[in-house]
Amino acid sequence: MAGPISLDVDDTGLMTISRDMQLSLSLDEMKALKKYYHALGRSATGIELETFAQTWSEHCCHKTFRGEVEFEGKIVSNLLKTTIAKVTSTLDHEWCFSVFEDNAGIVDFDGDTAIAFKVETHNHPSALEPFGGAATGVGGVIRDILGVWGEPIANTDVLCFGPLDYPYEKLPAGMKHPSFIYKYVTAGIGHYGNNMGIPTVNGAIYFDESYVGNPLVYCGTVGLVKKSRYKREIRTGDVMILAGGKTGRDGIHGVTFASVDLSTEQERSVVQIGDPIEEEKVSRAVISIRDKGLGSAITDLGGGGLSSAIGEMAELGGCGADVHLERVPLKHPGMQPWEIWTSESQERMLVCCHKKDVEAILGVFADEEVEAVVVAEFTEGERLRLMHTDTVVGEINISFLFGTNIRTRRVATPPERSFSEPRVRSMDPAADLLAILAMPNVASKENVIRTYDHEVKAQTVLKPLQGLDGPGDAAVLKPLNSSWKGVVISNGMNPEYGKIDPYHMAACAIDEAIRNNIAVGGRRIALLDNFCWGNPERPDRMWGLVRASQACHDVALAFETPFISGKDSLYNETELGPITPTLLISALGVMPDIRRAVSMDLKEEGNSIFIVGATKDELGGSHFYKLKGSLGKNVPMVDAASAKTSFDMLTKAIDSGCVRSCHDLSEGGLAVAASETCFAGGLGLELDLDKMPRKGELSTEKLLFSESQSRFLVGTDDSAAFEKAMADTVFSEIGCVTDDKRLRITRKAAEVLNIEIEVLKRSWKNGL
Amino acid sequence: MAYKVCIIRAPGTNCDRETAMCVESQGLEAEVVHVKRLMEGEIRFSDYDGLIIPGGFSFGDHVRAGALLGKILKERFGDELAQFSSDGKPILGICNGFQVLVECGLLPGNTAQSALTTNLSSRFECRWVDLSVETSRCIFTDGLSGSIRLPVAHGEGRFLVTAGELKELTNTGQVVFKYAQKNGGSAGGSYPENPNGSIDDIAGICNKEGNVFGLMPHPERAFYRFLHPRWTKSDESESFGDGYKIFNNMAEYIMR
Amino acid sequence: MKWEVRISYKKGVQDSEGESTLSGLKTLGFNNVDNVSAAKVYLIEGNLTHGDVEEMCRRLLANPVSQDYSISEVK
């Protein structure tokens, strides 16, 4: 790879180069390069081609979301801009401080303090090295927050695995068993977050057969930004300081690797373990540099390493850069310039500053025992020049690098499938409820949650487990000593619904993320989208992606909740097939006073219980059907306009102080939500199904287990006040809290079920 | 002149900020000091009126939890710290800090050998526990009695000593906190009330004089009532939590 | 039968425990130490063949992507 590479070859030759160098560049892209080098009248160097491959990779520039799609006879151009980002631009909320631009989305919080939030995925590395893959996933997203001058205050993680009892004999050679991946992914997440001293406050664990061999590891970090210290001003003459861990051969080709299916020979070089103590030191130094006002811009080193970061910084500043690769501290002697340039070694940051501040910044890093060197200087013009001990090893025009936009053209066609409602009844609702509580997606995740520190920093006001260890809807943090304001973090995800229609899956995920936030007292909600999908070059996968994106637009707009950041991980396929389309929506809300926060556990005997929202014939993709071996057809649909009104009213009710407990209805419907509030509060409930607001005539199992969206179970000690606050929305009083520690549900004066809460809790706790 | 408390940190220490906040709320000056600055002779322990070793994973807890920082303190600053302690100045070790105090020999502070080793569950655990307040000479728990509730978050908190030494610790009033049942009764080694399998349910001990105190639970994470896992059930969201008294006692002792 | 299984990181994979122990030993004055690598040892007893233990390493104890293992019989 050292010598010049001539691109003056035919199409086959171009694709041979792309393949042999693992560039993952398409023919159109290779042809554009051929033209570029032809005009220059020279051959390419290896390091230059690597740079194009990184910058134009799916991971860095999201070809699919920014390209063109043939969908229902029309061409959709730039899916991101016309759906997700459009919500944000249409709403144009003044509290959105920085969206879709920097490493993380940033919204206002309290005075000069803003909140940054970013969620990333680390799926392929976690399939290969579950501990290291998950740990470095956490480390990576923490650096995204440091990369907006943010101080990390909380982590979230949402994980998807194959069934833990998946038969070993069905597992293809070399693929790790879901139970192995589960054990080490959760260990890796705990290890990194705990060691960094960042609490893991919110998450979810989901199981589906399509995740065998392709787990999903979503890692999120929330941080505090000082708006007056948020600097991204680069000018010619400024320099770039590389700080943190040494650079090694690890992770080379990780980015281009995101665009190909897993295969064994590429494994070794992408394996990384991560060192949270190194990152903890880097983090302290970065925050100290911020507070001293020393840096002029900052970015993390993620996918593509220096090759992505330095170019991006130069482009941001509208200038060129001279890079001195020999100055980079190395882990492995004898590394080639292109290896240094593209290494994805962890725990590294790039800080830009004026020359006069270099000494001071190096001093701060030295105080924290972090290695730091000046690696590059911003220059006049638009030339990115790569040097290694006085030899120029590469030279690239920055406008060509970032300005070349070769649109991919994908085709979206719906898969041919038909759905029908099964004829299943609940002969024994109590037994069905106990079985659903023990289903892995519903069952208690306490065994994992307790291995994550969710208390460090002493800011976690509502924790992942609430009351006597019930599943909380959202986490609430109080990050400032001087203010009662709270940060509210929640998520929503429904892969099961996506098997019927990705549009409604996305709509429900948004509704769920928002209602979880609303349930504890959150408001002024911002959203993050993280798509994990199969190969978008396959028309059926692409169709689902378009459908889901359209739902993001329609539903988020109706809720007036802007997207502030997002990421996609495509090509999640193994020899067993694609993963089921999976969209994680994360929600970031605020509350003016954490003393009004509401937890989900029942509080005291005699509280009235209200259900908010209508129940419909919507068992499609439900856990009740799943239990009965069916998928169904009637997937839950979101009526966002009426949901928005009822959410707003519920917020008013919470602010008035009359809401003692509030829990959202999700997987397993009313029956599961009611059970959870009971054992979390150590109290019983008496509910009457006849009083539930509904659409049409519904059977008992539909009233119990329907997963209709936008619903809550609210406990109040002041029914009159609650009814007044909820005004004309759909809600109804359906029962009250009892002290006999039983969940008793009736219909037409007959008992539907009557179970001791200890029995419910045991089933829920022993499911995993 | 304000009284100064040194909060010592090493790479991987991560509870120093909230601990400093608790100290400062009591009218003391808290200075977070990197152990490197002590090693370079820039500052000395004798400049301070109290010392706290906060929680975290000092030096990544490699080898053993708290081992490296403990050995540095013992081998480089053994005499200074012995003097600090015998001057009657208060020393508090929380979680990783407790492990450090045991590794450097300041606790139990006699010939007894003790250790904080891997939890019986062999995993990191984050949960709130009930603690019974034992009769001891500990200056940090003055005025506390009955039982209190604090969170633990550790993987290596299982306190071990020999039977003979356990008896001595008990007789000399060095056992400060024990893991307990909700009603205050003895945990009797049962999980999860005793979250790590500590001998005799021991959660915190002090030296014979009562001015050096180490505990696995985190009082700084229970400084305010709104950090308690069940605060939403009551109306006391503005008052202090069970961890407050420990910092309050430290301040009163220093300013006495 | 008693077997000793030793799990260590493959060459080139980061061993932060080894690195941190190295710097700790130097801090305490052991200046002649050049390198430290950390490894994990399991003692496994039972009616087991070398092949059984190898299978354990493959399926659970070691991750072949990042870790090496060695098996020896303890007499």
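Two strands count as paired if DSSP finds at least two bridges between them. In this predicted model, strand β32 (residues 742-747) of chain A and strand β33 (residues 750-756) of chain A are joined by six bridges. The two strands run antiparallel. One bridge pairs A:Thr746 with A:Glu751 of β33(A). Together, β32(A) and β33(A) make a hairpin, with two residues between the strands. A:Lys748 sits in the turn and has a positive phi of about 50 degrees.

Strand β6 (residues 151-161) of chain A and β7(A) are parallel, and seven bridges join them. Among the residues involved is A:Asp157, whose bridge partner in β7(A) is A:Gly203.

Strands β6 and β7 of chain A belong to an open sheet of six strands. The order across this sheet is β3-β4-β5-β8-β6-β7 (chain A), and the pairing is mixed. At the edges stand β3 (96-98) and β7 (200-207) of chain A. Each has a single partner strand, so one side of each is left without a neighbour in the sheet. From one strand to the next, the twist averages 25 degrees.

Chain A is also divided into domains. Domain 1 covers 45-54 + 233-407, and domain 2 covers 408-437 + 598-768. The C-alpha centres of domain 1 of chain A and domain 2 of chain A are 50 Å apart.

Chain A touches chain B. This contact takes 27 residues from chain B and 28 residues from chain A. On the side of chain B that touches chain A, the elements giving two or more residues are α1 (16-24), β6 (125-133) and β7 (147-154) of chain B. The largest share of that side comes from β6(B), with three residues. By class, the side of chain B that touches chain A holds twelve nonpolar, six polar and nine charged residues.

Chain A touches chain C as well. Here the contact takes eleven residues from chain A and eight residues from chain C. The side of chain A that touches chain C has four nonpolar, two polar and five charged residues.

Technical notes
Residues numbered from 1 in each chain as written. Chains lettered and ligands numbered in written order. Predicted model: local features only at pLDDT ≥ 70, side-chain atom pairs only at ≥ 80, totals over all residues. Domains from an automatic or database assignment. Contact = placed C-beta atoms within 7 Å. Nonpolar A, V, L, I, M, F, W, Y, C, P; charged D, E, K, R; others polar. Helix = DSSP H or I, 4+ residues; strand = E, 2+ residues; numbered from the N terminus. Axes fitted to C-alpha atoms, helices over the stretch in contact; angles between N-to-C directions.
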